[in-house]
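Student: I would like to learn how to read the features of a model. Can we go through some together?

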Amino acid sequence: MMADPRTLGAIAACIERGDADAAIAMAQQALAQAPEAAELHRLLGVALAGSGRHAQAQASLQRAAELDRSSWMTLCNLASAQMAAGDLQAAGRTLESARQLAPRQPAVLNLTGNLALQLGDLAAARAAYEDLLGQADRHLPGWLNLTETLLRLGDPAAAERTGARALALAPGHPQALALLGKAASLAGDAASALERLRQAQRADPASAPIALWLGHALEEAGDLEAAERAYARAHERAPAHAAIAGHLLHSRRRIARWEGLEALSRQVREAITVGREAMEPFAFLSEDAGADEQLACARLRAAQLSGIRALPPVPGPRPHGAPRVGFVSNGFGEHPTGLLLVALIEALRGHAIQTHAFATTPDDGGPIRRRLQAAFGAFHQVDGLDHESVAARIRAQDIEITIDLRGWGGGGTPAVFARRPAPVQVNWLAYPGTSGAPWIDYVIADRVVLPESLRRFHSEAVAWLPRCFQPSDTRRIVGQPPPRSECGLPEQAVVFASFNNGYKLNAHSFARMMAVLRAVDDSVLWLLSAPGQADRRLREAARAAGVVPERLVFMRKQPHPDYLSRYAHADLFLDTLPYNAHTTASDALWAGCPLLTLPGRSFAARVAASLDHHLGMAHLIAADAQAYVTCAAALGRDRPALSALREELRQRRRDSGLFDMDAFAVDLATVLDAMAQRHRSGLTPADLG
């Protein structure tokens, strides 16, 4: 029985204007009169899908497909519903049937690209969209989807062109504006990114994704208070979306806005536990989670790149010769990675390792960059290239081992490593945790930062060094310290310092520090000034903890030698948990400031303990929170003990080997050669050391 065309038109109109409930009611009423009308079942399925009732939608669309086996449109609708429900295999089978009926239909090609995009196969998605647009140049969804694909491929210049074409077809279109904003952000044009994303938000103020993207752009521009407000808007519009909750959570940590964090953290951790949504793994390190949860988070994030096609395998292992090792980073300059790495790379020049740098950011013109360029055997500038091109450049240099020096951190390039540009790939240094990625073979660690008890929570084989896994620049210049008065420090006060980034200073760590201040009357806490209104919030938190707010002193960021000079006025560094001081811990020890730490349940929570242990000052590794407070308070009340501790640190720094980069180079070269030899022998990666 045929349905009334006027009824079909009315249902379609309801769907078009977003009134799914009305469409469902009309379709169900009409089906009572015409139960075999395929088009009614199709429209009912589309309306049900629009209201989020995916199982019912699939049942209606399946029935429509049975009643009309020639309808490629019904099959496309069914495949879309299956994709929305997460059944990508079924969607692929349904879409294949649609392609057999109408292989050149724009809707079929667009959906083919959508499925490939959801599977993470960016090359296939791009090919499908380009095929579509080759025959339907005015297909707006195709241009929007191609732009999104190009952004994921790391090609903002091409995305700018395709996004501009979409905007020309639909002036003021919010998604086109937002994609152009993302392209500008990826290209480093913060002003254009903000302008376009704000236009997009004005055009569609109810959109959670646009509010989220605006938050990212504001964060990049350094306006963290406005970024937090944008993330909050996104979360209000999509409160069940744990990934958005994760961005809001980390944003609030950065500006010390701690209210509501427990609920957000619980939402994120529950989503990760059931494998539903991933938070950015780097941001997740700030949560009080175990290494098992961090592994689950990293695996979820890696799964989002699982469809990226690897380069063809290298024909065969190099039979002999020095390993060719590629170091990939966005930090080859005045950056924590560059500051840690430079002296070690200089020390490696005398070893049988051919070192290649692949710099994903422009030359900052600074002295660390100059030293690195001179130290590496070859220095390749790959900023501005898309991920595929960077991987091709690495492969072209016949690199045997690539080392990812950024991992899941901001500015990292996991999509490069997912392409397998080298046969052996390593996670080291800047991302303090497991990659969870099948394309990473080893993680470099030591047995304090990654003890045997945590081994099972790392997806990689572990290359254990006999020393602390973290190198250090032994040519760091410690400037002449300014007078205490210029730093805002009382002349006679005991100074506890904690120059970690704001997102590491959580309510629990802060409470321990306040307990120390209450126990040591003539003391202050010296912190790195955090963004936005964070300093004011921390002073308010101090008052609430019974500490005079003026006992918190804040230091603005300084040139590195000037920053290091300030440690002359710091009596004891108070570490944070669950995300320790890392480069900052090394800085403090190098500049002569002892460090008290409380190790935790993950790699990121044990870095400072590794430094203290290998320095020979394990008595500054607290057993628990009470021991941490007791130790800090006892030292703060005993100035001779503080002086003796500084003297011990001076001797340990000279004698312990923690800062011996020549010996570190021997250990690292040995580990890298062992990795290469296993590969050349046809052996799979295995724990080393």
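**Reading the model**

Tutor: Start with a pair: Arg371 forms a salt bridge with Glu346, and their closest N and O atoms are 2.9 Å apart. Arg371 lies in helix H20 (residues 367-375) and Glu346 in helix H19 (residues 336-348), so the pair ties together parts that are 25 residues apart in sequence. A salt bridge here is a side-chain nitrogen of Lys or Arg within 4 Å of a carboxyl oxygen of Asp or Glu. Helices (H or I, at least four residues) and strands (E, at least two) are DSSP runs, numbered from the N terminus.

Student: What should I know about the model itself?

Tutor: The model is predicted: local features need pLDDT of at least 70, side-chain atom pairs count only at pLDDT 80 or more, and totals for chains, interfaces and linings use all residues. Residues are numbered from 1 along each chain as its sequence is written, and side-chain values use heavy atoms, with hydrogens and water left out.

Student: Are Arg371 and Glu346 buried or exposed?

Tutor: Both Arg371 and Glu346 are buried. Buried means under 20% relative accessible area, exposed means over 50%, and partly exposed is in between (1.4 Å probe, protein chains only).

Student: How many salt bridges does the whole structure hold?

Tutor: The general idea: side chains of opposite charge can pair when their charged atoms come close. The search of the whole structure finds 38 salt bridges. One of them joins Lys182 and Glu148, at 3.2 Å from N to O. Lys182 sits in helix H11 (residues 174-186) and Glu148 in helix H9 (residues 140-152), 34 residues apart, so this pair links distant parts of the chain. Lys182 is partly exposed at 22% relative accessible area, whereas Glu148 is buried at 15%.

Student: Which salt bridge has its partners 4 residues apart in a helix?

Tutor: That is Arg652 with Glu648, at 3.8 Å from N to O. Because the two are 4 residues apart in helix H30 (residues 639-655), about one helical turn separates Arg652 and Glu648. Arg652 is partly exposed at 35% relative accessibility. Glu648 is partly exposed too, at 22%. There is also a network: Glu228, Arg252, Arg257 and Glu259 are joined by salt bridges that share partners.

Student: How do I read a helix?

Tutor: Check span, then burial. The expected span is 1.5 Å times one less than the number of residues. Helix H4 (residues 54-67) has 14 residues and reaches 20 Å from its first C-alpha to its last, close to the 20 Å expected. Its buried residues are Ala57, Gln58, Ser60, Leu61, Ala64 and Ala65. Down the axis of H4 they fall within an arc of 165 degrees, so they line one face of the helix. The arc is that of the directions from the helix axis to the C-beta atoms.

Student: How many residues of H15 are buried?

Tutor: In H15, 11 of its 13 residues are buried, leaving the helix mostly covered. Among them are Leu248, Leu249, His250, Arg252 and Arg253.

Student: Next, pockets. How is empty space found?

Tutor: Rolling a probe the size of a water molecule over the atoms shows where empty space is left. On a 1 Å grid over the protein atoms alone, a pocket is an open set of points where a 1.4 Å probe fits, with protein on both sides within 12 Å along at least five of seven lines; lining residues have an atom within 4 Å of a point.

Student: Which residues lie nearest the centre of the second largest pocket?

Tutor: Arg253, Glu262, Asp288, Asn506 and His508 do, out of 16 lining residues. Helix H16 (261-273) and helix H24 (507-519) are the elements giving two or more residues to this lining. H16 gives the most, with 5 residues. The pocket holds about 390 Å³ of space, a volume being the space filled by probe spheres set on the points, which are joined across faces, edges and corners.

Student: What about backbone angles?

Tutor: Most residues other than glycine have a negative phi, and most peptide bonds are trans. Asp398 has a positive phi, near 55 degrees. Asp398 lies in the loop between helix H21 (387-396) and strand E4 (401-404). The peptide bond from Leu577 to Pro578 is cis, with omega near 15 degrees.
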